[in-house]
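Please read the following report alongside the sequence and the coordinates. Each heading takes up one aspect of the model.

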Amino acid sequence: MEYCVRPIVSFNDYYNYGLHIRSEILCPELMPYTQPGESPEVTIRLLSNLPNVTESFENRYYEVRPRTFRMAVAGVAKYVVEDGSRISVEPATGASPEEVRLFLLGSAMGALLYQRGLFPLHGSAIETQWGAMIFVGSQGIGKSTLAAQFHRKGYRVLSDDVSAVASKPGA
């Protein structure tokens, strides 16, 4: 029996969407997780030789199956999201870390949240005295700019690009 030995990797712990996320990918956009010794609810791994995910896709970009979401972004990365708890990423040669994180924290994280029973919206959220307010709309319409302007006025930004909504409090 052969064993594949992986080199020692550095993990980064984050807290976002109410989840402890442990990632091999540095994600400065996420909040650091500060509770030592706790097991993560989500892991993000860098892997090589993910299956050629586009071979079986009808639309050639992504595939949704029970408990699995697979996506390939040409020139950026392949992503596999499983069971609402794991994301595997294989960056393309020459892809920038920013490009890889854009789709990791957008589409792949949105799929993971959906698998966990949350409703991900393409929007930015701020905290107000009445509760959360989410700005949704098409790409480039100014959701992040609006949230940043509210931040400058003293409001706390809860999320940018993907906002997750639970069907019941505490979920």
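## A buried glutamate and its partners

Glu63 is buried, its relative accessible area being 11%, where buried stands for under 20% relative accessible area, exposed for over 50% and partly exposed for what lies in between, with a 1.4 Å probe and protein chains only. The model is a predicted one, in which local features need pLDDT of at least 70 and side-chain atom pairs count only at pLDDT 80 or more, whereas totals for chains, interfaces and linings use all residues. Residues are numbered from 1 along each chain as its sequence is written, and side-chain values use heavy atoms, with hydrogens and water left out.

The side chain of Glu63 meets that of Arg65 in a salt bridge of 3.2 Å, N to O, a salt bridge being a side-chain nitrogen of Lys or Arg within 4 Å of a carboxyl oxygen of Asp or Glu. Glu63 also meets Arg70 through a side-chain salt bridge, here at 2.5 Å from N to O, and both Glu63 and Arg70 are buried.

## Other salt bridges

Side chains of opposite charge can pair when their charged atoms come close. By the rule given above, the count comes to 9 salt bridges. Arg67, Glu82, Asp83 and Arg86 are linked in a network of such bridges.

Arg156 forms a salt bridge with Glu127, with 2.9 Å between the closest N and O atoms. Because Arg156 lies in strand β11 (residues 156–159) and Glu127 in strand β9 (residues 119–128), the pair ties together parts that are 29 residues apart in sequence. Arg156 counts as partly exposed at 48% relative accessibility, and Glu127 likewise counts as partly exposed, at 37%.

## Overall composition

The protein chain holds 2 helices and 12 strands, taken as DSSP runs numbered from the N terminus, with helices being H or I of at least four residues and strands being E of at least two. Read from the N terminus on, the elements follow the order β-β-β-β-β-β-β-β-α-β-β-α-β-β.

Of the 171 residues of the protein chain, 34% count as buried. The chain exposes about 11000 Å², of which carbon and sulfur atoms supply 55%; accessible areas come from the Shrake-Rupley method with a 1.4 Å probe, and for residues only the protein chains shown count as cover. Among contacts between residues at least 6 apart in sequence, 46% join residues at least 24 apart, a contact meaning heavy atoms within 4.5 Å.

## The eight-stranded sheet

Strands of a sheet pair through backbone hydrogen bonds, either parallel or antiparallel. Here an open sheet of 8 strands has the order β3-β1-β2-β4-β8-β7-β6-β5, with mixed pairing, and two strands are said to pair if DSSP finds at least two bridges between them. The edge strands are β3 (31–32) and β5 (62–65), each of which pairs on one side only.

Helix α1 (residues 97–115) lies across β2, β4, β6 (68–73), β7 (77–82) and β8 (86–91), and runs at about 20° to β7. For such angles, axes are lines fitted to C-alpha atoms, for helices over the stretch in contact, and the angles run from 0 to 180 degrees between N-to-C directions.

## Strand β2 and its neighbours

Since 4 of the 5 residues of β2 are buried, this strand is largely enclosed by the rest of the structure. Strand β1 (residues 12–16) pairs with β2 in the antiparallel sense over 5 bridges, and Asp13 has Arg22 in β2 as its bridge partner. The hairpin formed by β1 and β2 has 2 residues between the strands, and Tyr17 in the turn has a positive phi of about 55°. With strand β4 (residues 42–46), β2 (residues 19–23) runs parallel and is joined by 3 bridges, while Ile21 stands opposite Val42 in β4.

Ser23 is found in strand β2 and counts as buried at 0% relative accessibility. The side chain of Ser23 reaches the backbone oxygen of Ile25 at 2.7 Å.

Val136 has its place in strand β10 (residues 131–136) and, at 51% relative accessibility, counts as exposed. Residues up to four places away in sequence being left out, Val136 touches Leu121, His122, Gly123 and Lys143. Val136 and Leu121 are 15 residues apart in sequence, and their C-alpha atoms are 7.1 Å apart in space.

Conventions
Polar contact = N/O pair within 3.5 Å; in protein donor to acceptor, adjacent residues only side chain to side chain.
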